[in-house]
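Good morning, colleagues. I would like to take you through one chain of today's structure and then turn to its contact with a partner.

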Amino acid sequence: MAKEKGYTKKNFLKGIIIENPLLVSILGTCPALATTKTVEAAIGMSILFTIVLVCSSILVSLLRKVISEEIRTPAYIVIIATFVTIVKMMTNAFLPELYSTLGVFISLIVVNCIVLGRAEAYASKNGVFDSFIDALGMGVGYALALILMAFFREIIGAGSLSIGKVFTFIPQYTLQILPKGYAIKLFQDPPGAFIVFAIILAVIAFIKNRKAELKSNRERQARIKQEQEARAAAIKQQEGGNK
Amino acid sequence: MPSKKHYIITSITLGCIAMASAILIGATNLLTAPRIKVNEDNRFNVGITSVFGDGAEATIYEESLKDFKIQGFKSDFNIELESSYEVKNEENNIHGWAIRTTGRNDYGKVSLIVGFDYEPRSFKGIYVISNEQTYASTLVEEYIDPLNGAEDKETKMEDVSCGATYGAKLTRDMIKAAKEYVDGIDYK
């Protein structure tokens, strides 16, 4: 079946905005709350997550006609766990600071609902290229959400933004945003993560509701205008007939 | 009712996926294991300077402490002393002792360098080589960092209440095991 024009672009963008896995579907919240103390850690987690998601989606899509219904879930878990193990070893070897910062949350990518969910919902039913684009979009969407959370948590919780502590090949630099002593340490702890997450979700819900409200107002006004025009036309017709 | 052939094909498919996964993981391990070892050795050298100060250098004293058995206390955890080192300062005088040790509990593995002064053999500090504990960052922030910064480290060591108490107890027992070994060194 021929795909509609712009399908690839829509497929990629839906993971970022309309179906953002963290901010819309509320999936993968555990690593989102735990690894967003700093922007650097969030970037690191996003990269590893996206690699696992893309590789497992591609492989699941390649094997979708070979894997039978009975062994679908264990097969997907084995595939995802393989990529997570590879990514973990590579991180330990080439980015040891990122490895020690993220700790057990690298291994927990295996049980991240987004990875298994996309494998089941999309990759097992679509071709390799479409699965790749879908996974990439979801990965980028998740990354943007993590970085957004980490941005606020690090600024409010530490009062600064720093780079070079996790990615040690970058020169270390700290940008002091808040004056010393004004940082609220709570935002670096789990309760702060929940608060930031809740505020971001509330803002998104507000924007969505506002958009829906404006759209329904526009539609109502268009309908009223249409009815008025129809009434005016009917009156004119009646007057013309009377004459 | 699925046929016998269907079950055989299903089993073979899953077996092939598992085998391919094992090969991939094995190959990655071959590629990364030497690099991980180098990273650990680099961390070890960084750890020595972190505990003993700039210019400190460790030379092997006893390469394998596999036969060392903890006798002074009973630990609930699996603790191994790996090797011991003499630490010399820039003037080539013996500065202290460093013990490389690994411990495991249900939350994961921790590898440490435990440092002691030369004489008296008081506890000087620890450095984390690798930390695979579930509450890794909590263990470092709430127990290890305050311990390294404390004036009276021996007393502070016993205060294991933190967000990662189980990990803190493991760390404390590793330090005590290293202390027991160091106290037994008859160095002239």
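Chain B of this predicted model has four helices and five strands. Read from the N terminus, its elements follow the order α-β-β-β-β-β-α-α-α. The radius of gyration of chain B is 21 Å, well over the 16 Å that the globule rule gives for 188 residues, so chain B is more spread out than a compact globule. Its C-alpha trace spans about 75 × 35 × 30 Å along the principal axes. Of the 188 residues in chain B, 40% are buried. Among contacts in this chain between residues at least 6 apart in sequence, 54% join residues at least 24 apart.

I now turn to the interface. Chain B contributes 21 residues to the contact and chain A contributes 22 residues. Together the two chains bury about 1900 Å², with 70% of that area on carbon and sulfur atoms. Which three residues supply more of the area that chain B buries against chain A than any other three? They are B:L14, B:I17 and B:I25, which supply 23% of it.

A salt bridge joins the side chains of A:K37 and B:E141, at 3.5 Å from N to O.

On the side of chain B that touches chain A, helix 1 (4-52) and helix 2 (136-149) each supply at least two residues. The largest share, 17 residues, comes from helix 1 of chain B. By type, the residues of this side divide into seven nonpolar, 10 polar and four charged.

Methods. Residues are numbered from 1 along each chain as its sequence is written. Chains are lettered from A and ligands numbered from 1 in the order in which they are written. This is a predicted model: local features need pLDDT of at least 70, side-chain atom pairs count only at pLDDT 80 or more; totals for chains, interfaces and linings use all residues. Side-chain values use heavy atoms; hydrogens and water are left out. Contact means heavy atoms within 4.5 Å. Buried area is the accessible area (1.4 Å probe) that two parts lose on being put together, summed over both. A salt bridge is a side-chain nitrogen of Lys or Arg within 4 Å of a carboxyl oxygen of Asp or Glu. Ala, Val, Leu, Ile, Met, Phe, Trp, Tyr, Cys and Pro count as nonpolar, Asp, Glu, Lys and Arg as charged, and the others, Gly among them, as polar. The radius of gyration is taken over C-alpha atoms; the globule rule is 2.2 Å times the number of residues to the power 0.38. Buried means under 20% relative accessible area, exposed over 50%, partly exposed in between (1.4 Å probe, protein chains only).
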